[in-house]
Amino acid sequence: MYSNTNSDITDISFIDELTGCVSLITGECLFTTDGGNSWIPKLNTGLTDASSVQVLNGKWLMTSADGKVVESSNLGATWQQVSQGGSAVESFTASSLSSPTSGLVVGANGAIYRYTSGNLTAESSGTTANLNAVIDNGSWAMAVGDNANIVKNSGGGWNLQSTGT
């Protein structure tokens, strides 16, 4: 399959076998409705250095290594910057949506932000390690990062998990 780009692809998210999106390091994304046989560029996200993309039930969320998050509710035709509470983040690395209005964004220095209806709120992760991936299913969440750091939240705050190493 040909993606019509020479840019580095940083992440991928699909809502079903046919419909999905990839983020490009340039801040753009490519959208497909035929399982990746053809890709439609979605420009003007407002990001540079995109690091992740999530697509869920009509909501698109993209993060960047320069600490910005944007969202779209119209298949990437227009993008709005997500309001960020707390201190500025050096770099976002990953995101996960548990619903179109709720999810998590993680990044450098243990940064965890809760996404709620267009806003980001900082949470204390209990680590200063860079967090590289996150999953949020609505009732629990986990983030993983450098130096074997794993943090989990089951509704009572973030707790470091033992990796047994």
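I take strands as DSSP runs of E with at least two residues, numbered from the N terminus, and two strands as paired if DSSP finds at least two bridges between them.

**Basis of the values.** I number residues from 1 along each chain as its sequence is written, and side-chain values use heavy atoms, without hydrogens and water. Because the model is predicted, local features need pLDDT of at least 70 and side-chain atom pairs count only at pLDDT 80 or more, while totals for chains, interfaces and linings use all residues.

I then turned to β5 (residues 50–56), where six of the seven residues are buried (under 20% relative accessible area; exposed is over 50%, partly exposed in between; 1.4 Å probe, protein chains only). Six bridges join β5 to the antiparallel β6 (residues 59–64), and S52 has T63 as its bridge partner in β6. The two strands form a hairpin with two residues between them, and N57 in the turn has a positive phi of about 45 degrees.

**C21.** I found C21 in strand β2 (residues 20–24), buried at a relative accessible area of 0%. Its contacts (heavy atoms within 4.5 Å), leaving aside residues up to four places away in sequence, include F14, F31, V53, V55 and W60.

**Aromatic pairs.** I counted four aromatic pairs, taking rings of Phe, Tyr and Trp (its six-membered ring) with centres within 6.5 Å, where planes under 30 degrees apart are stacked, over 60 edge-to-face and the rest tilted. F14 and W39 are edge-to-face, at 6.5 Å centre to centre and 90 degrees between the planes. F14 lies in β1 (residues 9–14) and W39 in the loop between β3 (29–32) and β4 (40–42), 25 residues apart. F14 is partly exposed at 31%, whereas W39 is buried at 12%. The rings of F92 and Y113 have centres 5.6 Å apart and planes at 90 degrees, so this pair is edge-to-face. I also noted one aromatic cluster formed by F31, W60 and W79.

Technical notes:
Helices (H or I, at least four residues) and strands (E, at least two) are DSSP runs, numbered from the N terminus.
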